[in-house]
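Take a look at the structure below.

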Protein chains: 2
Amino acid sequence: MAQSAANPTAAMLVIGDEILSGRTRDANMHHLAGQLTAHGIDLTEVRVVSDDQPAIVRALNALRADYAHVFTSGGIGPTHDDITADAIGAAFGVHVGVRDDARALLQAHYDRQGSELNAARLRMARIPDGATLIENPVSVAPGFTLENVHVMAGVPSVFQAMVQSVLPTLTGGQPLVSRTLRMMRGEGDLAGPLGEVAAQYPDISFGSYPFQKDGVYGANLVLRGPDEAALDAAMAALEAALA
Amino acid sequence: MAQSAANPTAAMLVIGDEILSGRTRDANMHHLAGQLTAHGIDLTEVRVVSDDQPAIVRALNALRADYAHVFTSGGIGPTHDDITADAIGAAFGVHVGVRDDARALLQAHYDRQGSELNAARLRMARIPDGATLIENPVSVAPGFTLENVHVMAGVPSVFQAMVQSVLPTLTGGQPLVSRTLRMMRGEGDLAGPLGEVAAQYPDISFGSYPFQKDGVYGANLVLRGPDEAALDAAMAALEAALA
């Protein structure tokens, strides 16, 4: 794939039985992918695991060693199946406990609502030692960053708000830009010229994404790279080859 | 998570730069998850990797060692970025070449269409040694099964048709069934009683999936397990605890 060698890499870890059972369709991966691409960070791998501490720890330790950033979604609510904070603590080998600043945020929020900060809600103030909080403007209960791991909620509106809180704090690279050529011909007719032009522009990623529409085969040919002028030149060459 | 110990496990490997860049929103994971659950196979892990042979080989070899079945999507078309067959061959250490039965399927298809079976299309007849073909009633070019790895297309209509071709050939376990209780109260109010009832029914998975609707917090409480009578008893206990 056309990654800019200079861009930071990232992985995502989606935590949740509901995704794996087919009950819920994940929306956060697609959102994060677009946001990272726009910020110049290359999302390189995603894993989805169940609400199971050994599975979370194993995946997290593999990903945080391999990538500059790891973003997690899911499992930081108040219920018994919200085990992400403990799993992160176990992965890093650090203590997890109720933290005063997180508790204060929750206390003020539930006071305003006239609700009780009960034991279940207080679970959302349990933060691994050494982490910094990620602001949650939607529902207050914070996410957290521990080293290169950014732990966020699974509810899409909250996840998206936390991404907005975290991304500006991270150093990005050169955003990839893209050009798309939509062809109403089957990939089998396009593949030869496409491959030849792709070989001439090694710094640009050439992707072919086939579709069927009303029984007709077509493909979107997508060129992706950091340099707009190079993209335009490659697109002109592709159009000429397919004319 | 509530897996039936007797059920076969499965993983999915999604192959494609377009998912990781945010260009395309994956639809196949959600489809496969629902189909496997209905068939009594527990989807336990999903990974998404880019069109990069070392990444595909590494993920595939990890997953096929850990799970009874691995399902892949993407990268088996005619273009230069379709590298899945070669990556599977590399992962298993077997030769990949044009196979007569696959070529015959394609030849008949393109003859009917009046199209040429050119070099690009012939790439779709390249199958690792030892594999069996997976029927593709949508667009003919086959997928394949090699040992416990089922290799399928990324285009959702084709992926779904291939899943329908493969699933009946696999031995499933007891399908998980579920019961859902929709509560218009915040998770923080539900979590205490929910956790207590969950502890009384260790063979049932209790999940809490929060939502916001028109500014009101609610949660779907989902009980999942193989035994309908046990689910009904647990649901009655949960309703009583939350009354």
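Predicted model: local features only at pLDDT ≥ 70, side-chain atom pairs only at ≥ 80, totals over all residues.

Residues are numbered from 1 along each chain as its sequence is written, chains are lettered from A and ligands numbered from 1 in the order in which they are written, and side-chain values use heavy atoms, with hydrogens and water left out.

Q: Why does H3(A) count as oblique to H4(A)?
A: Helix H3 (residues 53–66) and helix H4 (residues 84–92) of chain A pack with their axes 9 Å apart, at an angle of about 55°. Angles under 35 degrees count as roughly parallel, over 145 as roughly antiparallel, 65 to 115 as roughly perpendicular and the rest as oblique. So H3(A) to H4(A) is oblique.

Q: By class, which residues make up the contact of H3(A) with H4(A)?
A: Contact means heavy atoms within 4.5 Å. Residues of H3(A), including Ile56(A), Leu60(A) and Arg64(A), meet residues of H4(A), among them Asp86(A), Ile88(A) and Phe92(A). Ala, Val, Leu, Ile, Met, Phe, Trp, Tyr, Cys and Pro count as nonpolar, Asp, Glu, Lys and Arg as charged, and the others, Gly among them, as polar. By class, the contact has eight nonpolar, two polar and two charged residues.

Q: Is Glu45(A) buried or exposed?
A: Glu45(A) sits in strand E2 (residues 42–49) of chain A. Buried means under 20% relative accessible area, exposed over 50%, partly exposed in between (1.4 Å probe, protein chains only). At 6% relative accessibility, Glu45(A) is therefore buried.

Q: With which side chain does the side chain of Glu45(A) make a polar contact?
A: Not counting residues up to four places away in sequence, Glu45(A) touches residues including Met12(A), Leu63(A), Tyr67(A), Leu20(B) and Arg47(B). A polar contact is a pair of N or O atoms within 3.5 Å; within protein, one must be able to donate a hydrogen and the other to accept it, and residues adjacent in sequence count only if both atoms are side-chain atoms. At 2.7 Å, the partner is Tyr67(A).

Q: What is the phi of Glu147(A)?
A: Glu147(A) lies in the loop between strand E7 (143–146) and strand E8 (149–152) of chain A. Its relative accessibility is 62%, so Glu147(A) counts as exposed. Glu147(A) is not a glycine, yet its phi is positive, at about 50°.

Q: Is Val140(B) buried or exposed?
A: Val140(B) is in the loop between strand E6 (132–134) and strand E7 (143–146) of chain B. Its phi is positive, about 75°, although Val140(B) is not a glycine. With a relative accessible area of 17%, Val140(B) is buried.

Methods:
Axes fitted to C-alpha atoms, helices over the stretch in contact; angles between N-to-C directions. Helix = DSSP H or I, 4+ residues; strand = E, 2+ residues; numbered from the N terminus.
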